[in-house]
Amino acid sequence: MPDTNEYAATFGFVDADSDGRISAQEYADLMHRLGDTCTEAQAERAIEVMDQDGDGLITLDEFTAYMARAEG
Ligand SMILES: [Ca+2]
Ligand SMILES: [Ca+2]
């Protein structure tokens, strides 16, 4: 059973404007805050990988599903 509360906390950290969705811009901003370089194209690619309904935004459900898969 994955720890969904932990995923929710991480999601909230990335979701800077707290609208319940992670955009490519928010992802890129996070990478920059972490001291990583991340181009807009790289951020969009990362979002694409997690995005299940193709709206270009990551919901908590999509994020949790991705994290659960990533952790096997
Ligand atoms: Ca957001
Ligand atoms: Ca989506």
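Modeller: This is a predicted model. A salt bridge links Arg45 with Glu48, whose closest N and O atoms lie 3.1 Å apart.

Biologist: What makes the pair Arg45 and Glu48 a salt bridge?

Modeller: The rule requires a side-chain nitrogen of Lys or Arg within 4 Å of a carboxyl oxygen of Asp or Glu. The closest N and O atoms of Arg45 and Glu48 are 3.1 Å apart, so the pair meets that rule. By this rule the count comes to one salt bridge.

Biologist: Why are Arg45 and Glu48 separated by about one helical turn?

Modeller: Both belong to helix α3, and they are three residues apart there, which means a separation of about one helical turn.

Biologist: Why does Glu48 count as exposed?

Modeller: Exposed means over 50% relative accessible area. Glu48 has 53% relative accessibility and therefore counts as exposed.

Biologist: How is the packing of helix α2 with helix α3 described?

Modeller: Helix α2 (residues 24-33) and helix α3 (residues 40-50) pack at an angle of about 115°, and their axes are 8 Å apart. The crossing of these two helices, α2 and α3, is right-handed. On the α2 side the contact is made by Ala24, Tyr27 and Ala28, and on the α3 side by Ala43, Glu44, Ala46 and Ile47.

Biologist: How many residues of each class are in the contact of α2 with α3?

Modeller: The contact of α2 with α3 has six nonpolar residues, no polar ones and one charged residue.

Biologist: Why is α1 called oblique to α4?

Modeller: The axes of helix α1 (residues 4-14) and helix α4 (residues 60-70) cross at roughly 120° and come within 10 Å. That angle makes α1 oblique to α4, because 65 to 115 degrees counts as roughly perpendicular and over 145 as roughly antiparallel. The crossing of α1 and α4 is right-handed. From α1, Thr4, Tyr7, Ala8, Thr10 and Phe11 make the contact, together with Leu60, Phe63, Thr64, Met67 and Ala68 of α4. By class, the contact of α1 with α4 has seven nonpolar, three polar and no charged residues.

Biologist: Does Ser18 count as buried or exposed?

Modeller: Ser18 counts as exposed, because its relative accessibility is 60% and the cut-off is over 50%.

Key. Residues are numbered from 1 along each chain as its sequence is written. Chains are lettered from A and ligands numbered from 1 in the order in which they are written. This is a predicted model: local features need pLDDT of at least 70, side-chain atom pairs count only at pLDDT 80 or more; totals for chains, interfaces and linings use all residues. Side-chain values use heavy atoms; hydrogens and water are left out. Axes are lines fitted to C-alpha atoms, for helices over the stretch in contact, and angles run from 0 to 180 degrees between N-to-C directions. Helices (H or I, at least four residues) and strands (E, at least two) are DSSP runs, numbered from the N terminus. A crossing is left-handed if the near helix is turned anticlockwise from the far one by less than a right angle, and right-handed if clockwise. Contact means heavy atoms within 4.5 Å. Ala, Val, Leu, Ile, Met, Phe, Trp, Tyr, Cys and Pro count as nonpolar, Asp, Glu, Lys and Arg as charged, and the others, Gly among them, as polar. Angles under 35 degrees count as roughly parallel, over 145 as roughly antiparallel, 65 to 115 as roughly perpendicular and the rest as oblique. Buried means under 20% relative accessible area, exposed over 50%, partly exposed in between (1.4 Å probe, protein chains only).
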